[in-house]
Amino acid sequence: MSEQTQRWITSYDVPELLQAIRSKEYSCETVTRAFLRRAALAQKLTNCLTELLPSPTIARAKYLDSLAPTERGPFHGLPISIREHHSMEGLPNKGGYVAWIGKLQEGRCSTQEVLLEEGAAIMHLEGSTNIYGVTKNPRNTDLTCGGSSGRESALIACRGSILDMGGDIGGSIRCPAANAGTYGFKPTPGRIGKLGSRAAVSGQEGVIPTRGPMASSRSGTSLFMERYLSYEPWIKDDYLVPIPWRPITLPPRLKSQSCGQTKSSLLTHHLATPKEVAKSLLEAGIELADWKPEGHDECWDITQALYYEDGSKHVEKLIADGGEEMLSLTKWLIKDNKNVKYRTMEEIWDLKGRRNTYRLKYNKLWLSTGEKDNHPVDAILCPSGPGAAPPHGNAKYWNYTSQWNLLEYPGVVLPVTFADQELDLNDKSYVPRNKQDRFHWELYEKDRYVEAPVGLQIVTRRFEDEKCLAVLEVVERAMGHQ
């Protein structure tokens, strides 16, 4: 295969590549080999892979080429990468912990069953750990690619994959997507299966994790959701809600809230992008509501506590069993955190009561935006973090994404632009609003953020997943994207 052919194949987005395979412009084997080569280059640059799996992947591609047209699924021949937590049967599934080295995946993950039925060729990867080390941002290797699905975003940004399955309990799909300049969608919990996935505390349901697609394009994200749900996965995974992917008609005039900062101590975004996008939306006829969210600090306090209802005893034991040294950001989250402590059963009940009360309060807040015109905001447009990807070891603000995990609202991240060394200057007159704001504001130095992608996030209400991606299309078109 020539280098030019490899570049052509890996430059396609999901619908274009599927069409090229259907029209027999390229065989499944040729496509798979092209992405394997590109993935190997991505590994060299970013350290984003755990297993490349060339032999079984090529064998799978050859099998797909042998199928008659009537036997081919909607994802026929499409290479899809999978993080190790959702491992493949018979392969190692360490789940990020040294103590689990040598443990093999027993049975398929439920999501993979659907993807294989649809004709996908699956590759394999995982998040940064003591086992594999640090994954670098392919746009600027001095910056983080995010976590915990950061290896996925790095691979997609390098075009070693164009579609991936990530996981999100606090921003682990959306932050990496924003950091690497790709797309990432966190659906409402209960729409994508998680059976067979490995987690340190599988019974933790104070904040429910969810799986979701990460892709090189908006179309790839939407197509994944549509195709996956067309297989009615709730029949085998009966905890899933039996809701297919529904057609959506947006109102003639969208009403959105642009949320760059609030009175609840969220941080000031150190780049000019949110204001620029808001201007584009107004020019496109999208109404921006006058609404300021409330209680985001309260939400973060509750969320952190619910992550570790046992005071992190189980996770700390798992780390100790593997003889690991606790990573600095893990220590920041569970050891240097007043909200993470051992609680009695009664205290946990009270904590979940506070969560439920907060959800009701936020729903009322959302609906209040329609008091004057009976049209609550359709979506919130907000950052996915305090700025572009921070330098390694400094990702210490989850609130822009974890907020929506506790509320169970779907959210999608879109790439917008890159840090501009002429436009995004240090404002010497700015006075930080609090300690966290000062920490993140001082991280920004224009020469440190060369080529740093900037992404934004769109959020809709619970189970408005279809609307979330429909609004994404409107926003991108308003910004001049096709």
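Modeller: The radius of gyration used here is taken over C-alpha atoms, and the globule rule is 2.2 Å times the number of residues to the power 0.38. The structure above is a predicted model.

Colleague: What makes the radius of gyration of the chain agree with a compact globule?

Modeller: For 482 residues, a compact globule would have a radius of gyration near 23 Å. The chain has 22 Å, and therefore the two agree. Along the principal axes, the C-alpha atoms fill a box of roughly 60 × 55 × 50 Å.

Colleague: Why is Asp301 called partly exposed?

Modeller: Its relative accessible area is 26%. Buried means under 20% and exposed means over 50%, with partly exposed in between. Asp301, at 26%, is therefore partly exposed. This residue lies in helix α10. Leaving aside neighbours within four places in sequence, Asp301 is in contact with Lys338 and Asn339.

Colleague: Why is Asn137 called buried?

Modeller: Asn137 has 0% relative accessibility, which is under the 20% cut-off, so it counts as buried. Asn137 lies in the loop between β3 (121–125) and α6 (150–157).

Colleague: Which residues does Asn137 touch?

Modeller: Not counting residues up to four places away in sequence, Asn137 touches Leu143, Thr144, Cys145, Asn179, Ala180 and Ala389.

Colleague: What makes the pair of Asn137 and Asn179 a polar contact?

Modeller: A polar atom of the side chain of Asn137 lies 2.8 Å from the backbone oxygen of Asn179. The cut-off for a polar contact is 3.5 Å, so the distance of 2.8 Å falls within it.

Colleague: Gly147 is in the loop between β3 and α6 as well. Why does Gly147 count as partly exposed?

Modeller: The relative accessibility of Gly147 is 39%. Gly147 touches Gly171, Ser172 and Pro176, not counting residues up to four places away in sequence. The C-alpha atoms of Gly147 and Ala177 are separated by 9.4 Å, and the two residues are 30 apart along the chain.

Colleague: What is the peptide bond from Gly147 to Ser148 like, and what is its omega?

Modeller: That bond is cis, with omega near 5 degrees. Ser148 is found in the loop between β3 and α6.

Colleague: What makes α6 a mostly covered helix?

Modeller: Buried residues account for 8 of its 8 residues. They are Gly150, Arg151, Glu152, Ser153, Ala154, Leu155, Ile156 and Ala157. Just after α6, Arg159 takes a positive phi of about 65 degrees.

Colleague: Where does Glu408 lie, and why is Glu408 called buried?

Modeller: Glu408 is in the loop between α14 (399–407) and β10 (411–418). Its relative accessible area is 7%, which is under 20%, so Glu408 is buried.

Colleague: Why does Ile248 count as partly exposed?

Modeller: Ile248 has 41% relative accessibility, which lies between the cut-offs of 20% and 50%, so Ile248 counts as partly exposed. Ile248 lies in the loop between α8 (218–230) and β7 (255–258). Not counting residues up to four places away in sequence, Ile248 touches Glu466, Lys467 and Ala470.

Colleague: How many positive and negative side chains does the chain have?

Modeller: The chain has 59 positive and 60 negative side chains, and the centres of the two sets lie 1 Å apart. The accessible surface of the chain comes to about 20,600 Å², and 50% of that belongs to carbon and sulfur atoms.

Methods
Residues numbered from 1 in each chain as written. Predicted model: local features only at pLDDT ≥ 70, side-chain atom pairs only at ≥ 80, totals over all residues. Heavy atoms only, no water. Areas by Shrake-Rupley, 256 points an atom, 1.4 Å probe, with all protein chains shown as cover. Lys, Arg positive; Asp, Glu negative; His and termini not counted. Charge placed at Lys NZ, Arg CZ, Asp CG, Glu CD. Helix = DSSP H or I, 4+ residues; strand = E, 2+ residues; numbered from the N terminus. Buried < 20%, exposed > 50% of the residue type's maximum accessible area, 1.4 Å probe, protein only. Polar contact = N/O pair within 3.5 Å; in protein donor to acceptor, adjacent residues only side chain to side chain. Contact = heavy atoms within 4.5 Å.
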